[in-house]
Amino acid sequence: MQRLKRALLAISFVVTVALGSMAQLTASSAFTAAPRSVFPMLDNNTRLDMVDYFNSGMSTPSNNLLDGQSKVTAITPTVLTAKIAETSEATVVVLNPDSSSPVIMLIQTVATPGLDSKISFYTQDWTPLNPATKYFVAPELTDWIAPSAKGSEGMVMAASPFMLASASVDDAGTTLTLTNNLSSFLDPEVYSSISSSLLPTLTYHWDGKKFK
């Protein structure tokens, strides 16, 4: 029965793509049908197990290909978040789910040790959409300077020439929030000297074409 359920889910995804999304693409179906190149630590059957466990209300983790443990931690129709390994997480977001050409956003977050995220975009069959800047332009360090601290860019960049920021979305996937994580990377004394000059978060909203 379990194998039949998985086969039907896989067939449903293929038919959805082939017929131009006659049925709405969901974050779960996008996650389970992604090619191994997107989730090299998780084969398709493992991802199906992870979704099944979550939907059954079970916290059972699945073994990934590096002998670690992975599990889905949240699902809505358009957003799925999974712990891939002890220090990494992935979020699959389906944007414009009602359209004939939905866009998949993938957020990959790792601990460096401060949490840092990479954001990429794909078609519904996981073909990369380039350039990604068509859909989201990652902020420069100067974009994090608080309005009240304009003019202090030199001091901030001397303390840290780059930003560590993790990305998260709301349940609909249309509000993207970047969180400043420099405090977990810099020496506490160094961070305290620039913390008042930096914004804690930056928020973007999907307008149907781009996060702004």
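Residues are numbered from 1 along each chain as its sequence is written. In this predicted model, local features need pLDDT of at least 70, side-chain atom pairs count only at pLDDT 80 or more, and totals for chains, interfaces and linings use all residues, while side-chain values use heavy atoms, without hydrogens and water.

Me: Is the peptide bond from Thr112 to Pro113 cis or trans, and what is its omega?
Reply: Most peptide bonds are trans. The bond from Thr112 to Pro113 is cis. Its omega is near 10 degrees.

Me: Which loop holds Pro113?
Reply: Helices (H or I, at least four residues) and strands (E, at least two) are DSSP runs, numbered from the N terminus. Pro113 is in the loop between β5 (103-111) and β6 (115-122).

Me: What is omega for the peptide bond from Asn130 to Pro131?
Reply: Pro131 lies in the loop between β6 and α4 (153-159). The bond from Asn130 to Pro131 is cis, with omega near 0 degrees.

Me: Is Asp67 buried or exposed?
Reply: Asp67 sits in the loop between β1 (62-63) and β2 (69-75), and its phi is positive, near 65 degrees. Buried means under 20% relative accessible area, exposed over 50%, and partly exposed in between (1.4 Å probe, protein chains only). Because its relative accessibility is 75%, Asp67 counts as exposed.

Me: Is Trp126 buried or exposed?
Reply: Trp126 is in the loop between β6 and α4. Although Trp126 is not a glycine, its phi is positive, about 70 degrees. With a relative accessible area of 5%, Trp126 is buried.
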